[in-house]
Amino acid sequence: NLNEAILNSVERAQKRYPDFLINKDNLIHFQTLVRNVLESKIKLSGLENFTLKDLTNDKRVCELDFHMDLTKERLQYEELNAAFKQNSDTRVVSLKYEFPQKEDGVGYLKGFVDFIFEHNGKYYILDWKSNHLGYSKEDYEQERMEEAMQANNYHLQHYIYKKAFIK
């Protein structure tokens, strides 16, 4: 199952990384972290009392890679803003850069979506983040996470992932 697979991955990481990062004294902390992630209830409409440990292998995809032709996809600032305004006025992003393009005008974007799963006929994109928002549970309430998402343009990332997944 997913729980065992991830815990086994942590143990394999112990062999791969330097002893000061993962060792017999702190391995329990990594296992606890993984167990907490897998057993935490996801609070979204349609996912009441759902945990990641409930997923079967045929309902998930890990590290889905994608290649996107930006010229064909026309990922432009106006389109992105329109998409975010449909969801919430607070999610309008300001691009800090332009997508790189080759001389012939064709640009490409390559990436990986961390985790996609299906539940009750609906697909969900999950992207693992390690932002430090504070030391208390309250620091990770929805409002604080939304601020971090806004500050790091994670809504833009989600939009790109969604567009890539639909293709």
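Here are legends for a handful of close-up views of this predicted model. Local features need pLDDT of at least 70, side-chain atom pairs count only at pLDDT 80 or more, and totals for chains, interfaces and linings use all residues. Residues are numbered from 1 along each chain as its sequence is written, and side-chain values use heavy atoms, with hydrogens and water left out.

**View 1**
Searching the whole structure turns up six aromatic pairs (Phe, Tyr and Trp rings, the six-membered one for Trp, with centres within 6.5 Å; planes under 30 degrees apart are stacked, over 60 edge-to-face, the rest tilted). Phe115 comes from strand S2 (residues 108-119) and Trp128 from the loop between strand S3 (122-126) and helix H5 (142-151), so the pair ties together parts 13 residues apart in sequence. Helices (H or I, at least four residues) and strands (E, at least two) are DSSP runs numbered from the N terminus. Phe115 is buried at 4% relative accessible area, while Trp128 is partly exposed at 42% (buried is under 20%, exposed over 50%, partly exposed in between; 1.4 Å probe, protein chains only).

Tyr123 is exposed at 53%, and Phe165 is partly exposed at 30%.

**View 1. The largest nonpolar core.**
Eleven residues make up this core, among them Val34, Leu38, Phe50, Phe115, Phe117 and Tyr124. A core here is a set of buried Ala, Val, Leu, Ile, Met, Phe, Trp, Tyr and Cys residues joined through side-chain atoms within 4.5 Å. Helix H2 (27-39), S2 and S3 each give two or more residues. A second, separate core has eight residues, including Met68, Val113, Leu156 and Ala164. Ring pairs also link Phe50, Phe115, Phe117, Tyr124 and Trp128 into a cluster.

**View 2. Helix H2 and its two sides.**
Leu27, Gln31, Val34 and Leu38 are the buried residues of H2. Looking down the axis, they fall within an arc of 65 degrees, so they line one face of the helix (the arc is that of the directions from the helix axis to the C-beta atoms). The face turned away from that buried side carries the exposed residues His29 and Leu33.
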